[in-house]
Amino acid sequence: KPLLGADQLVESAILTDPNDPIFWSITHRMTQVYSDVYLNPRISVPEGFDTHSAAIIVPFDYPGGDYGAIVFFLPQSMIIVNEDISVYERFVAQVDSILFRAHQNQLQARQLSFSKRLVEGWGTFANANTFQEVVRQLCEILSSISAVRHTLVAFRNPQTLSELLADDCDG
């Protein structure tokens, strides 16, 4: 029975000790195998994982330079053999691939959103009559993109050296 369902996931800072086996696997990018992981006093896991068992800790990559690990806690009577380790590592390699694909989909969706806004923007810009109107419309378009938190559009007139800043179209 899982401790947390997919809709109950929480973030926590359990990996603060660099000698924690999970933290070590993530940092050194190496698989670790324990016949009883709880014999290591530095292991830090959420409450509910208090039974002694064998464990395989396999690190994974998350696109963007983030790393993690999957810890497989095995039944108490199960003995780990080398062939088993490669099965778990291949499983995590598939997770790497899934995470990469999800990251690529996210980037593609962001690019599509930007392209859509650009196409919409060209129609808007075609009707602009002044420089300030173009800047205001540009700011409105950029601030409506969900992947953008704030916008700052800065222009400098080389003849008068005057500057124009538009921040989130608030005036």
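How many helices and strands does the secondary structure of the protein chain come to? In this predicted model, the count is 3 helices and 5 strands. Read from the N terminus, the elements follow the order α-β-β-β-α-α-β-β.

Some totals describe the chain as a whole. Of its 171 residues, 25% are buried. When contacts between residues at least 6 apart in sequence are considered, 41% of them link residues at least 24 apart.

The side chain of Q32 makes a polar contact of 2.8 Å with the side chain of Y34. Beyond its neighbours within four places in sequence, Q32 is in contact with P21, W24 and S25, and also with A55, I56 and I57.

The second residue is N40, found in the loop that runs between β1 and β2, the latter spanning 55-62. N40 counts as buried because its relative accessibility is 18%, again judged against the limit of under 20%. From its side chain, N40 reaches the backbone nitrogen of R42 at 2.8 Å. With residues up to four places away in sequence set aside, N40 touches P21 and Y34. P21 is also on the contact list of Q32, while Y34 is the polar partner of the Q32 side chain.

Terms used: Residues numbered from 1 in each chain as written. Predicted model: local features only at pLDDT ≥ 70, side-chain atom pairs only at ≥ 80, totals over all residues. Heavy atoms only, no water. Polar contact = N/O pair within 3.5 Å; in protein donor to acceptor, adjacent residues only side chain to side chain. Contact = heavy atoms within 4.5 Å. Helix = DSSP H or I, 4+ residues; strand = E, 2+ residues; numbered from the N terminus. Buried < 20%, exposed > 50% of the residue type's maximum accessible area, 1.4 Å probe, protein only.
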